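Trainee: I would like a close look at a single part of this model. Please take the inside first and then the side chains.

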Amino acid sequence: TAGCVLLFGFGKNVFPVDTHIHRILNRTGIVKTKTPDETFFKVKEHIPDGLAYVLHTGLIKFGRTICRAREPLCGICPIYKVCKFEKKNFYKEKSRELKFSLKESDEFILLDEV
């Protein structure tokens with residue numbers, strides 16, 4: 001919460017890590033951590049100045065629409081080939097079917113869109 005206040009409220013280059021970001025960074029093999037807090041401390045020094053906001057909001061949208069916790073859409077994922085998620089092939093066929101059920105209205109509104 002403090003990270004979100006610093007990022008959204010004060011425009012600081014702080015990269016809050018929620019469950020979506022934690023999941024994506026672990027699935028892709030960028031980090032190997034057990035909690036969002038651990039992930040925050042591992043990546044905080046590697047976020048380039050001025051990119052925390054766009055990276056944070058982009059990864060949340062990606063985690064809510066493509067790299068979902070249950071039934072991720074690996075078959076339409078733009079980073080499928082470099083992703084280290086061990087179970088991604090299991091979901092590949094199903095994601096082709098689900099691809100056509102995604103609509104813009106399925107996206108969640110982030111704080112910056114309110």
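By class, how many nonpolar, polar and charged residues does the lining of the largest cavity have?

Mentor: Keep in mind that this is a predicted model. By class, the lining of the largest cavity has 11 nonpolar residues, 1 polar residue and 1 charged residue. The structure holds 1 cavity of 30 Å³ or more. The volume of the largest cavity is about 90 Å³. A total of 13 residues line the largest cavity, and the closest to its centre are Cys67, Pro72, Cys74, Cys77 and Cys83.

Several cysteines are on that list, which brings up disulfides. A disulfide is a covalent bond between the sulfur atoms of two cysteines. The structure holds 0 disulfides. For Cys67, the closest cysteine sulfur is that of Cys83, and the two sulfurs are 6.2 Å apart, too far for a bond. Cys4, in turn, has a relative accessibility of 27% and counts as partly exposed.

Now the aromatic side chains. The structure holds 2 aromatic pairs. One of them joins Phe8 and Tyr53: the ring centres are 5.6 Å apart and the planes stand at 75 degrees, so this pair is edge-to-face. The pair links distant parts of the chain, with Phe8 in helix H1 (residues 2-9) and Tyr53 in helix H4 (residues 52-65), 45 residues apart. Phe8 counts as partly exposed because its relative accessibility is 26%. Tyr53 also counts as partly exposed, at 32% relative accessibility.

Phe40 and Phe41 form an aromatic pair as well, with 5.1 Å from centre to centre and 80 degrees between the planes, and this pair is edge-to-face. Phe40 has a relative accessible area of 22% and is partly exposed, whereas Phe41, at 54% relative accessibility, counts as exposed. The cut-off for exposed is over 50%, so Phe41 passes it.

One more ring contact involves a charge. The charged end of Arg27 sits over the ring of Phe85, at 4.2 Å from the ring centre.

Conventions:
Residues are numbered from 1 along each chain as its sequence is written. This is a predicted model: local features need pLDDT of at least 70, side-chain atom pairs count only at pLDDT 80 or more; totals for chains, interfaces and linings use all residues. Side-chain values use heavy atoms; hydrogens and water are left out. A disulfide is a pair of cysteine sulfur atoms within 2.5 Å. Buried means under 20% relative accessible area, exposed over 50%, partly exposed in between (1.4 Å probe, protein chains only). Rings of Phe, Tyr and Trp (its six-membered ring) pair if their centres lie within 6.5 Å; planes under 30 degrees apart count as stacked, over 60 as edge-to-face and the rest as tilted. Helices (H or I, at least four residues) and strands (E, at least two) are DSSP runs, numbered from the N terminus. A charge sits over a ring if NZ of Lys or CZ of Arg is within 6 Å of the ring centre and within 35 degrees of the ring normal. On a 1 Å grid over the protein atoms alone, a cavity is a set of points where a 1.4 Å probe fits but cannot get out, and a pocket is an open set with protein on both sides within 12 Å along at least five of seven lines; lining residues have an atom within 4 Å of a point. Grid points are joined across faces, edges and corners, and a volume is the space filled by probe spheres set on the points. Ala, Val, Leu, Ile, Met, Phe, Trp, Tyr, Cys and Pro count as nonpolar, Asp, Glu, Lys and Arg as charged, and the others, Gly among them, as polar.
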